[in-house]
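Colleague: I would like to learn how to read a few backbone and packing features from a set of coordinates. Could we take them one at a time?

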Amino acid sequence: MAEKYISIRNLKFLLYDVFDVTSLTRHPYFKQHNRKMFDMVLEAAMKLSGSLLHPVFEEMDRKSPELANGQVKVHPVVRDVMKEFGQGGWIAATFPSEYDGEQLPSLIANACCMVFSAANYSASVYPGLTSGAARLILSFGDDALKSTYLPLMLSGKWQGTMALTEPQAGSSLTDIITTASPTPDGYYLIRGRKTFISAGDHDGVDNIVHLMLARIEGAPAGPKGISLFVVPKLRPDAEKALTPNDITVSQIFHKMGYRGAPITELSIGDKNDCRGYLLGEPHKGLGYMFQMMNEERIGVGIGAASIASAAYHAALNYAGSRCQGRNVAAKDPLSPQIPIIEHSDVKRMLLFQRAVMEGAVSLLLQCSWYDDLCRVVSPPEKKRCKLLLELLTPVAKTYASEMGILAVSQSIQCFGGYGYCEDFPVEQHFRDMRIHPIHEGTTGIQGMDLLGRKVVMQNGDAFKAFLEEVGNTVDSARQFPRLQTLSIRLEAAVGRLQDVTRHLVGVAMQKGADIFLADATLYLELFGIVVIAWQWLLQAEKAEQALAGNLSAADIRFYEGKHYTARYFFAYEVPKMEGLIQRLTDGDPLTVEMKPEYFQD
Ligand SMILES: Cc1cc2nc3c(=O)[nH]c(=O)nc-3n(C[C@H](O)[C@H](O)[C@H](O)COP(=O)(O)OP(=O)(O)OC[C@H]3O[C@@H](n4cnc5c(N)ncnc54)[C@H](O)[C@@H]3O)c2cc1C
């Protein structure tokens, strides 16, 4: 039997029962779709991941990219992946039909991304990045840029990248120094160095298109002086001939995991002949780039939750077949050993993984739901959905990434010593997972974004909208006798979050930004627990509704599994809020006062 890495049943439960994706087809923008087509798309994603991506999951890790004669060589499957994802419409899945897109809801497209990432995270990154980069050109490019780049990127012939990071500008993007000098011919000459650029060069496509941040000469310092450029590796002329564009790969990095995709350092314009084409208006580049960064932050969350899914299914499968020990009450040493899944502690480890992973998947689809609504609802409702999406993006990215690491670690634990060895895929999942709290903004940066910006923006409107959403779920779930305790606990948890937030806003006013933001990462952790508790109550309610009907034995197993996992989250994870709340309200500015020199000796 093929190895299971994701539950299509769970995805369908979330898509159809929890988020009601088919209701979107009532709106003109999505009216060409229906449930049958969504099912077919999911089916096709499963088939493609099973035939193309998963078979090379291990091989792409073991035969990682190499830099030879200035060209990055990747596993030959990458060319097939880009071709299949281009021809099959996966890169353009959510693009409007006038650009040959499928105009699919983000809910369906992101569920398919989960299937691809669970099958082989590294392979899924190439088309994903191309899609995000092409969408920037779609949103802010003029007709010439759109017609030159979009068809070739969306068909998978050209790779897209996001080229932000520089050696001195990682978390601090305002310190970017790559320059852009205007020329009379309309293009800019770009000079600088970019580092850690994913898929920044490779031989699986015919060209690479960098969406690159740079400063136009004379631009103001800081974030308001950054512009966005399209900078191809090979530049097309009017006759579509391609000329090298003075970009060289100075190195590729040898990474802990996620080894199937190259991460490159690029030297740009060493011969003063690198042409870049301005996207949108000058000095507005960082704002434009945030479109792609927010999309990619959800993408990182999807990658993390998907790896956790693959690791969970591996552990579940193993725990059902590995026999060790006996029930603690069994007296006869000659009685047969039992499968480890029967031990409570192993069930606890599996429940932890499932609670984290399916909770994160649900939150990522909740974000996709808001994204879809933004396309179809009236302006005030759109504003609300946008605020909710902005508020929840750092939480979705970070919860999946940070908790995903712990979840995969528990998967390894279920395997005992075998999990630590290459014989099983979980050691690779652990290595592949570790990047997620780092790229697309570290956890520290996400914490400051949530507390310093998102929670307080527009007089706290996003936070208020979030409280309303949770309140609606509590009101609706408490009608079910088995969910009364969970509803009361969520109501209390969200009340505590409100108290902590109020307290911290007071700290900001009385003691300044330093102390206010010192523990922003812990605030993000607290927020994450409340958000995932909300997602579990949403799921538990749909499970209760379903259990009231006439169900098959398999259905009962599925919905009872949901119920127990929701109970697990409230019983084991929600109490972790207490320690965080104590720290966040105790007022001792320890880390602000601690001096770097006190770390010596
Ligand atoms: C595998 C991989 C793929 C990547 N892909 C891309 C890509 O495609 N495109 C791209 O542009 N970049 C990419 N990056 C770069 C990535 O986004 C950066 O590594 C990341 O933003 C962190 O920057 P840094 O590595 O310079 O770390 P630093 O910014 O030096 O951070 C180091 C530590 O200090 C903390 N820190 C930094 N500043 C602050 C602050 N003000 N307050 C509190 N804490 C702070 C951080 O949270 C972190 O823990 C990739 C990186 C890797 C490793």
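Modeller: Start with a loop: tyrosine 258 sits between β10 (247–252) and β11 (263–268). Keep in mind throughout that this is a predicted model.

Colleague: What is the phi of tyrosine 258?

Modeller: Phi of tyrosine 258 is positive, about 50 degrees, although the residue is not a glycine.

Colleague: Is tyrosine 258 buried or exposed?

Modeller: The criterion is a neighbour count: 20 or more other C-beta atoms within 10 Å make a residue buried. Tyrosine 258 has 24 C-beta neighbours inside 10 Å, so it counts as buried.

Colleague: Where does glutamine 103 lie, and what is its phi?

Modeller: Glutamine 103 lies in the loop between α4 (77–87) and α5 (106–119). Its phi is near 55 degrees, again a positive value in a residue other than glycine. Glutamine 103 is partly exposed, because 18 other C-beta atoms lie within 10 Å.

Colleague: How far apart are glutamine 32 and glutamine 103 in sequence and in space?

Modeller: They are 71 residues apart in sequence, and their C-alpha atoms are 8.8 Å apart. Glutamine 32 belongs to the loop between α1 (8–18) and α2 (35–53). With 12 C-beta neighbours inside 10 Å, glutamine 32 counts as exposed.

Colleague: Now strands. Which way do the side chains of a strand point?

Modeller: In a regular strand, side chains alternate between the two faces of the sheet. Here, strand β12 (residues 275–278) sends Arg275 and Tyr277 one way and Gly276 and Leu278 the other. All four are buried.

Colleague: Which strands pair with β12, and in what sense?

Modeller: β5 pairs with β12 in the antiparallel sense over two bridges. Strand β7 (residues 227–232) also pairs with β12, antiparallel and over two bridges.

Colleague: What does strand β4 pair with?

Modeller: Strand β4 (residues 179–182) pairs with β5 in the antiparallel sense over four bridges, and proline 182 stands opposite tyrosine 188 in β5. β4 and β5 form a hairpin with five residues between them. In the turn, glycine 186 has a positive phi of about 100 degrees. β4 also pairs with strand β6 (residues 207–216), this time in the parallel sense over two bridges. There, threonine 179 has arginine 215 in β6 as its bridge partner.

Colleague: Where in α10 does a kink lie?

Modeller: A kink of about 35 degrees lies at leucine 392, shortly before proline 394. Just after α10, glycine 416 takes a positive phi of about 60 degrees.

Colleague: Why is α10 described as largely enclosed by the rest of the structure?

Modeller: Because 27 of its 37 residues are buried.

Colleague: How many residues of helix α11 are buried, and what covers them?

Modeller: Seven of the eight residues of α11 (residues 426–433) are buried, among them His429, Phe430 and Met433. Their cover includes α3 (57–62), α6 (121–140), α8 (285–321) and α10.

Colleague: What is arginine 297 in contact with?

Modeller: Arginine 297 is found in helix α8. Leaving aside neighbours within four places in sequence, its contacts are Thr393, Lys397, Glu440 and Gly441. Arginine 297 and glycine 441 are 144 residues apart in sequence, yet 8.1 Å apart from C-alpha to C-alpha. Arginine 297 is buried, because 23 other C-beta atoms lie within 10 Å.

Colleague: Which residues come nearest to the ligand?

Modeller: Of the 21 residues around the ligand, Leu164, Gly170, Ser171, Ser198 and Gly444 come nearest. The elements giving two or more residues to this shell are β3 (158–163), β5 (188–198) and α12 (443–454). By class, the shell has 10 nonpolar, nine polar and two charged residues.

Definitions and conventions:
Residues are numbered from 1 along each chain as its sequence is written. This is a predicted model: local features need pLDDT of at least 70, side-chain atom pairs count only at pLDDT 80 or more; totals for chains, interfaces and linings use all residues. The bend at a residue is the angle between axes fitted to the seven residues ending there and the seven starting there. A residue is near a molecule or strand if its C-beta atom, placed from the backbone, lies within 6 Å of it. Ala, Val, Leu, Ile, Met, Phe, Trp, Tyr, Cys and Pro count as nonpolar, Asp, Glu, Lys and Arg as charged, and the others, Gly among them, as polar. Two strands pair if DSSP finds at least two bridges between them. Two residues are in contact if their C-beta atoms, placed from the backbone, lie within 7 Å.
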